[in-house]
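Work through the exercises below with the sequence and the 3D view open. Try each task before reading its solution.

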Amino acid sequence: MARGRRAKKRRTSFAPRLVIMAKRPVMGRVKRRLAQEIGDVAAIRFYRTCLSQTVRRLSRDPRWRTVLAVAPDVGIGTPCWADPVEYVPQGTGDLGHRMQRLFDAAPPGPVVIVGADIPAMRARDVAAAFKLLGQADMVFGPAPDGGYWLVGMKRCPRRLQPFLGVPWSSAEALSATLNNLAGAPSAFAPRLSDVDTVEDYGRERTSAERLVSRRTTH
């Protein structure tokens, strides 16, 4: 019996981990660019719904352990989903510092980080990213704006430092990150988009509206 418990603990420790980065869903603090174009109420409604559905959909998948990385560190307040998940703080610094901290702090095993505002993201996209890490040190999910909606790291036999000097929120974010890899093998997941502007919202309208209607009817 004790041997079985030890084996289960080892399997859990080395299990793939999915980290969802999220901000506290407070009006006026999230999706501010989008709110300027569609209004505060519509923007917070979209973000809360997207966050809720993302956590619910991905945390139920047994192929990985889901962690919610929250900013600011005081917590996310009243959960807007039913599924219990592990919470960790994002910490301070720019996006690169926070992601590097999450990669470095995780237990052994592959780690994939995604955003909470990718309406078209499904479990199959995350599963594909973990599979790609079997042949590459890092995996990226490219976004139309030159950034990326997903980043994953094998972290074995070494932990890379790919985020130094990356110009976040620019068209060079992905290319700058790839330059930092200095030849380390990388792979690419499907191209998806987050939603920061009304143009993004229009492009992802079908996926976004499906989430909102689902939230409204449940």
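This is a predicted model: local features need pLDDT of at least 70, side-chain atom pairs count only at pLDDT 80 or more; totals for chains, interfaces and linings use all residues.

**Exercise 1.** Find how many salt bridges the whole structure holds, and describe the one formed by arginine 63.

Solution. 
- Step 1: Searching the whole structure gives two salt bridges.
- Step 2: Arginine 63 pairs with aspartate 61 through their side chains, with 2.8 Å from N to O. This is within the 4 Å that a salt bridge requires.
- Step 3: Aspartate 61 has 11% relative accessibility and so counts as buried, because buried means under 20%. Arginine 63, at 48%, counts as partly exposed.

**Exercise 2.** Which parts of the chain does the salt bridge between arginine 65 and glutamate 86 tie together?

Solution. 
- Step 1: The closest N and O atoms of arginine 65 and glutamate 86 are 3.3 Å apart.
- Step 2: Arginine 65 belongs to strand β2 (residues 65-71) and glutamate 86 to strand β3 (residues 86-89), so the bridge ties together parts 21 residues apart in sequence.
- Step 3: Arginine 65 is partly exposed, at 35% relative accessible area. Glutamate 86 is partly exposed too, at 33%.

**Exercise 3.** List the buried residues of helix α4, state what covers them, and examine the start of the helix.

Solution. 
- Step 1: In α4 (residues 95-105), the buried residues are Gly96, Arg98, Met99, Gln100, Leu102 and Phe103.
- Step 2: Their cover includes the strands β1 (17-23), β2, β3, β4 (111-115) and β6 (148-153).
- Step 3: At the start of α4, aspartate 94 has a side-chain oxygen within 3.1 Å of the backbone nitrogen of glycine 96.

Notes
Residues are numbered from 1 along each chain as its sequence is written. Side-chain values use heavy atoms; hydrogens and water are left out. Buried means under 20% relative accessible area, exposed over 50%, partly exposed in between (1.4 Å probe, protein chains only). Helices (H or I, at least four residues) and strands (E, at least two) are DSSP runs, numbered from the N terminus. Contact means heavy atoms within 4.5 Å. A polar contact is a pair of N or O atoms within 3.5 Å; within protein, one must be able to donate a hydrogen and the other to accept it, and residues adjacent in sequence count only if both atoms are side-chain atoms.
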